Each structure stands twice: as C-alpha cells, then as structure tokens.
There are 2 protein chains.
Amino acid sequence: MNRKHNFGAGPGILPESALQKAAADILNFNNSGMGVLEISHRSKDFEAVLQKAKSLVKELLKVPDTHEVLFVQGGASTQFAMVPMNLLKKKAAYIDEGAWSNKAIKEAKLFGEVSVLASSKDKNYSYMPKGYTIPTDCDYFHITSNETIHGTQVKEFPASPIPVVCDMSSDIFSRPVDVSKFDLIYAGAQKNMGPSGVTMVIIKKDIVGTHGKTLPTMLDYKTHLENDSLYNTPPVFGILVIMYTLEWLKSIGGVEGMQKINQQKFDLFYGEVDSNPMFVGTAAKEDRSPMNACFLLNDSSLDEEFLAMTKAAGIIGIKGHRSVGGFRASMYNALPLDSVKALVQVMKEFANVKA
Amino acid sequence: MNRKHNFGAGPGILPESALQKAAADILNFNNSGMGVLEISHRSKDFEAVLQKAKSLVKELLKVPDTHEVLFVQGGASTQFAMVPMNLLKKKAAYIDEGAWSNKAIKEAKLFGEVSVLASSKDKNYSYMPKGYTIPTDCDYFHITSNETIHGTQVKEFPASPIPVVCDMSSDIFSRPVDVSKFDLIYAGAQKNMGPSGVTMVIIKKDIVGTHGKTLPTMLDYKTHLENDSLYNTPPVFGILVIMYTLEWLKSIGGVEGMQKINQQKFDLFYGEVDSNPMFVGTAAKEDRSPMNACFLLNDSSLDEEFLAMTKAAGIIGIKGHRSVGGFRASMYNALPLDSVKALVQVMKEFANVKA
C-alpha cells in the first residue's frame, strides 16, 4: 500500500508491522477460529497478550519492581481526575506549561488546593518553566512531559522532595526515562503506543490505596492493581496493538534506539526550519519537542498554498491545533525518517518557488 | 476460514462481515493511505463514522428526539458510578436480580441512599423479581434488563412513576425496546455491538446536568452530550466496528428481524434442554434469556466429558461463569442458528452415548 506521510498529532501513525498483525488477528486470532475482538478477556489467549504487553513495558522502560503497569480506559482526561482523587489529600503542586497541564490543573482543583508553581502562559506556552522550587508541603508534584499543542518538552525533570506524577501521553517510549523517580506516569495510547481507548498507568505500588477515601470502584487505582487490569472487561484490541507496537519498538533498539532515530528526525526538521527563510519555529529552542514541532510561515497569507503543496506530496496532518493555528509536524516513533525528508523537501521547494 | 461456534459470554461473537471490513480498514481506511487507528478523531473521515454509528442506533432503536446517543469509555462498571453521580440526589430504587445489578447497587450506595425494592438472591438469582411497587420518593429506578451470569431477562419493564435507568449491556439490539420509557440506557459494547472498550449511553437530554454538583469532567454526562462524544479522544476503532455491526443488523431486518432469529435459537436450544433427560435449565422458565442460557448436566461428574465432546465439535465458550459453574450458552445476535444446531446435536449425541 502507498502509505501517507502521517504527521497527525494523535491518534497518529503506528508501525505497519503492528497494523498487519492486528488486522490478521481480527479475522482469526492464534488460529483459534475466532477473531481477537470475539475472545474472552479471561481466556488464556488474552491473558498471554496482557502479560506480554506488560512485560514489554517493563523491559523497555526498565520499570523497577516497586512499580506496576496498568491498562485502564478514559484517556489522560480521566487521569486528570483520578490522580487527585487518589493522591490529593490537602494540596498538590502543578506546573502550568500548556493546554494539557492546564486541564489537569482545572480538574485537580475540584478535589483540593492546587499550588501552581510556575506558568509559561505569559508567552503563549512557548517554553517550559524552569527554576521553580517544589514545596515539601504538597501531596504530589504534577508535570506534563510533552505539550502536544505547543511543541515543547521537559528535557530534565526537576528533583522533587515529594511524589512526582507525570503525564507522558505524547512522548512515552520516545526516550529513556528513569521510572524510579516517578510515583505515577500516565499516558493515553494514541500517540506512541496504539489506538485510542487505552490508557497506560505506571504506578508505584506503595502509593496505591493511601487515599483513605471511599472512591468509585473504577476510579481507584487499587481496583486495577489488585485485579491486574482485569476488574472489568479491558479494551482487549487496544492492548493487543500496544503489544505489537512495543515488539516493533524492541526490534529497532528499544527506547534508546528510538531516541537516536527521533533525534535524526528532529535535527533534519529543525535544521530546515532554522535555515529556511520562509519558516519560523514557535517553541523556545531549548524546549523544542522531537514529538511535535510547531512552526509558522513568516507570511501567513501563504499558508493555504503551502498546505496544498504538502498535500500533493502525500503529507497529512500538519495543520496546527485549532487553538493555536500555524503548522505542526508530529513526528511520533512510527513516523519514518523518509517522511521527514519528504516534508523538508517540500519546504525547500516552497522556498525556491517563492524566492 | 473455519469459524468456531462461539458461545462466549462476552467479548463475544461478531458478524463476520463487520470483522472483514474492520480488518481492511486497519491497513487502509477509505483509501486514505492511513489505517483507521491512525486517523485523527477530528477528521472528516471519523466524523462520518461517528455520525453514521449514532444514526444507526437511533434508527434501529427508534430513539426519540428527546434522547441522545453517547459513546463513552469504562464499561458498565463505570456507569454503575456515573449514574448515581449524575442522578442520585437523595435516594434511588434498585432491583437486585443478579451479579451485575448487585454491583450497580454497591456502587450507588457510595453516593446516597439505595432502596432495594426486590431481590431474587433467595433463589440464587434464578428468576426475575416481579410485582414490586416503584416508590415516588426516589430519584430514579434502576433495572438490569438481562443478567448474563444467571441467564435471566426482564420480559416486561414495569411502569414507573420516576425516571428509569436500565443496564442493557447483554441484550441491547436483541429485541425492540420503547426507548421513550427510559431516561437512561447504558450498555457495554462487547456483547451485541462491537469490541470491548466502548460503552453506549442513550440519555434523555433534559435529565443531563440536573445534578447540581461539581463532577469530574469525564464523569458528567453533560460533557459528552455538549461535545457530541468528542470531548476527548474517543475509542475510534470500537465505534467503527459498532457502525459495521449495526449495518449488518439493519441488513437482516433490524431488531425486529433479529428478535425472530433469536427466538428461533432460543426455541431450538431450550426445546432440547427441556426434552433431553441429561440436562436441566437453571433459570425460571418465564424469565429465560435468549441471550444467555444457563444449564446443568443432571450428573455433574460427566461435565468434563460433555465439554470435551462440544470442543471436538468446534464449540467454544460454554463453560458457566466461574461464580456459578455448570454451562452457559450465550447466543448473541451474531451467533448463527447453525451454531445452536451444532450444540443441540452434541447434546443429543451425548444423551445417546450415555443412555
């Protein structure tokens, strides 16, 4: 098949090998005479998928034994509430660094006091706040590792005297992280892991159930930890695709190998942005995300013309988020270097045409 | 492919035509050069899927304009909490008719007073309670239309002076229902609709947002109603499979046509149970569900032998739920009449061998 250069921000591009396996499984899974959508979540066949997906997460991210991997539903948007429901006793510390952290803050305020330690709202979230002090009198510190809409990424996580919670939805598995430094990591699957409808949670086991409240069963991490993500019917197919995607990731060298490839894509793309007189990047240089690159044409009256040219080259999904405009090239793990080459080629041609 | 006779209780059998279309879409959706797992949930392609799925629900169930169809995540287990969070002000009335209603009751008690109007626990949930009076001083009346584990079904919904909430997870789309009589219907997709990971809600619009509370954003029906199920990234693939499954349902005559076929399967299966001296049905005759038929061998020492014989005939998933034992033949919409014939044939042969 002639695959498009898919720069979509998510749900985004997935490895073709994972898609091929998943498509075959829908018709006949493990030669069982049943498709994978039709098997019991308590069958041995699915149990093997769940355990394999979990063990790949643990292997690729070097998850220590103190932590467990959960698969839940509801997206990061549900985690915005689950985190404070489970961890906020009196006060929590948040960084306001973009649209997603902003949503997390709003939700946390429903459950207790929120101290916003720093904000980059003053410059339209174009940079990552730094140099703040994490107070000791808060229950946890919340940070978003990558802001999809603004194209910024936390390069170095601050040392914290209190538990750290991190939304890694848009850069999970794109680089190594020291999981032991986080008490809770959550990520919607639909960028670097699999289809929408699954949320991965990596949680330090000893913080589970410390809330002392009566929570709705499905919103208590304890339920999912004690039942190994099988309290109720999980999103079977999504977990299967995660398994295949992580197998692919392992085959290309894991998160360490992936980071090198992502760096190549980053260097190629931003090399062009910084040298091409037609374009300008919007994120602060030191905070630029390899996952989402936001950029503008210096002359926005040419936007439609540029879009048409990218479209003709088979490039999809580079329109900026409806809330900020401009362009955004999302370069998730599964996006090949060749796709970035194709985009850069169009940017060069566009400059030539317009010069 | 040689498809198994899949009597699994859910996730269960789906129409082969829906699976074939979904598998093809994973590789290339609408000839877009992208798989359906890789497209934006805000793309025109997905918007068309969402609207088609919704309009098929409305058409097949004759949903009145007073109601809206939502697709959310978290399964019926999450609805067990969302319903009281959104509707319980002081007291709610529930029927205790099986394992699922029992879970719904436990969850509702976290949010207010619960009056259990009737229970069939005295006879191991083998019948549906009847003849109770629904009080006027409750905020709503909750009933489970089909108890998957016990094989019972509500044949006639009681007239109610207060709003009616119904869990239809295991018999939605298996028969016509008068949606106008319900204020809220919810159903996990993984029986008659599609894969696990999507929950359908049909809600009367004027009860949305009447709670007067500050709820977590994702747990407020208002969020999903106002954003047409697109507040956050929905389970794109699950909604696609629902669309295809409902197209298939429409093609075979809608819920009215389906009910006739389900009745044929029911008559064939229970005709055998009632005439074969080896077997006995466990649900009260008048409450037997066409979706889940629970039965025992009179001599349980023969269980393994019978199971082996069904397995040899390509029959899957008839072991009873781990909490009740025995056997259960789930005969969801997509299960062909031929599969029931195959099971009945084995039951006959088993009686012959053992006679």
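Predicted model: local features only at pLDDT ≥ 70, side-chain atom pairs only at ≥ 80, totals over all residues.
Residues are numbered from 1 along each chain as its sequence is written, and chains are lettered from A in the order in which they are written. Local features need pLDDT of at least 70, side-chain atom pairs count only at pLDDT 80 or more, totals for chains, interfaces and linings use all residues, and side-chain values use heavy atoms, with hydrogens and water left out.

User: What makes residues of chain A count as in contact with chain B?
Analyst: Contact means heavy atoms within 4.5 Å. By that rule, 56 residues of chain A are in contact with 56 residues of chain B.

User: Why is the pair Glu38(B) and Arg3(A) called a salt bridge?
Analyst: The term requires a side-chain nitrogen of Lys or Arg within 4 Å of a carboxyl oxygen of Asp or Glu. The closest N and O atoms of Glu38(B) and Arg3(A) are 2.8 Å apart, so the pair qualifies. Glu38(B) lies in the loop between α1 (16-27) and α2 (44-60) of chain B and Arg3(A) in the segment before β1 (5-6) of chain A, so the pair joins two chains.

User: Which residues pair with a salt bridge at 3.9 Å, N to O?
Analyst: Asp338(A) and Lys341(A) do.

User: What does Lys58(A) count as?
Analyst: At 29% relative accessibility, Lys58(A) is partly exposed. Lys58(A) forms a salt bridge with Glu68(A), the closest N and O atoms being 2.9 Å apart.

How values were computed: Helix = DSSP H or I, 4+ residues; strand = E, 2+ residues; numbered from the N terminus. Buried < 20%, exposed > 50% of the residue type's maximum accessible area, 1.4 Å probe, protein only.
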